[in-house]
Amino acid sequence: MKIMYTDTYANMSRRAANIISAQIILHPKTVLGLPTGTTPIGAYRQLIEWYKKGDLDFSQVTTFNLDEYLGLDGSHPQSYRYFMDNQLFDHVNIRKGNTHVPDGTAADPEAECELYEQAIKEAGGIDLQVLGIGNNGHIGFNEPGTAYEKTTNVTELTESTIEANSRLFASKEEVPTKALTMGMKTIMHARRILLLVSGQHKLDILNAALHGPITPEVPASLLQLHPDLTVIVSTEDIPADF
Ligand code: F6R
């Protein structure tokens, strides 16, 4: 495990973008696993900037997002498909057909999870999985208590996640209570993992995840067992005007 501390959110973002860029430059056909949330936005902006300067080519890159709210389609501003299109995909030369986000409106969500897992396998597996961490130690939407052997699945969000994510919705009642998420097993199968953590309020849970007991109560603690984990921490909160 490699842990890098940075003093600002901008530095964390640039370092993360450096690692993602190196992966794409060395392996143009790379398969990336990507998160949504506030934490990776700076890294996505940096990747867009380098793409616009001509330093990066996404034309052969494939992506799989970690999760999607059940019930939201890609045109919903809080859906993760909408987020990814707006924060990254629409600004670089990635082929939309190579970008995957679980379909939150699938008629049979369980079957959609199986198809998603299958698609990851058919793409050759995930080379670099980027992650954020929730205040309760979740990764993807793998909430505390989740079984480690799960692959992509439909899951219930905890009260604390609904509360945390309600900041992006008009009201807490509008936050979907279920989601489709890569499982812990899916995440652990990635060849490399890059965990991004930003802000003082995440440091206690990060400490528990990296140095505490490996327990389903802190889903991210399983990452201790991954053979190629890099963690980039910014002690600064994400600036309000970012
Ligand atoms: C989002 C995801 C979540 C977030 C986590 C942190 O796709 O998988 O696990 O990474 O909730 O979110 P932020 O970055 O908003 O603090």
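The legends below describe several close-up views of one predicted model.

Because the model is predicted, local features are described where pLDDT is at least 70 and side-chain atom pairs count only at pLDDT 80 or more, whereas totals for chains, interfaces and linings use all residues. Residues are numbered from 1 along each chain as its sequence is written, and side-chain values use heavy atoms, with hydrogens and water left out.

View 1. Seven strands form an open sheet in the order 1-10-9-6-2-3-5, with parallel pairing; strands (E, at least two residues) and helices (H or I, at least four residues) are DSSP runs numbered from the N terminus, and two strands pair if DSSP finds at least two bridges between them. Strand 1 (2–6) and strand 5 (99–100) stand at the edges, and each has a single partner strand, so one side of each is left without a neighbour in the sheet. Helix 1 packs on this sheet, where it touches strand 1, strand 2, strand 6, strand 9 and strand 10 (229–234), contact meaning heavy atoms within 4.5 Å. The direction of helix 1 makes about 165° with that of strand 9; here axes are lines fitted to C-alpha atoms, for helices over the stretch in contact, and angles run from 0 to 180 degrees between N-to-C directions.

**View 2. Strand 2 and its two partners.** Strand 2 pairs with strand 6 in the parallel sense over two bridges, and the bridge partner of G33 in strand 6 is Q129. Strand 2 also pairs with strand 3 in the parallel sense, over four bridges, with V31 standing opposite T62 of strand 3. From strand 2, V31 and G33 point one way while L32 and L34 point the other way, and all are buried, where buried means under 20% relative accessible area, exposed over 50% and partly exposed in between (1.4 Å probe, protein chains only).

**View 3. The nonpolar cores.** The largest nonpolar core has 29 residues, and those with the most contacts inside it are I20, L34, L47, F58, L88 and L194; such a core is a set of buried Ala, Val, Leu, Ile, Met, Phe, Trp, Tyr and Cys residues joined through side-chain atoms within 4.5 Å. Among the elements that give two or more residues to this core are helix 1 (9–26), strand 2 (31–34), helix 2 (41–52) and helix 3 (80–87), and the largest share, seven residues, comes from helix 1. Leaving aside its neighbours within four places in sequence, L88 is in contact with L34, Y44, L47, I48 and F83. A second, separate core of 28 residues includes L66, I205, L210 and L229.

**View 4. Helix 2 between two helix contacts.** Two packed helices are described by the angle between their axes and the distance between the axes. Helix 1 and helix 2 pack at an angle of about 55°, with their axes 8 Å apart. Helix 1 and helix 2 are therefore oblique to each other, since angles under 35 degrees count as roughly parallel, over 145 as roughly antiparallel, 65 to 115 as roughly perpendicular and the rest as oblique. The residues that make this contact include Y9, S13 and I20 of helix 1 and I41, L47 and W50 of helix 2. Helix 2 and helix 3 pack at an angle of about 40°, with their axes 10 Å apart, and I41, Y44 and I48 in helix 2 meet F83, M84 and Q87 in helix 3.

**View 5. The surroundings of N65.** N65 has its place in strand 3 (residues 62–65) and is buried, with a relative accessible area of 0%. Its contacts, leaving aside neighbours within four places in sequence, include L34, P35, H100, Y116 and M182.

View 6. An open sheet of three strands has the order 4-8-7, with antiparallel pairing. Strand 4 (67–69) and strand 7 (153–156) stand at its edges, each with a single partner strand, so one side of each is left without a neighbour in the sheet, and the twist averages 30° from one strand to the next. Four bridges join strand 7 to strand 8 (residues 178–181), and T155 stands opposite A179 in strand 8. Helix 4 (residues 109–122) lies across strand 7 and strand 8, running at about 125° to strand 7. In helix 4 lies I120, which counts as buried at 6% relative accessibility and touches F64, G125, I126, M182 and T186, not counting residues up to four places away in sequence.
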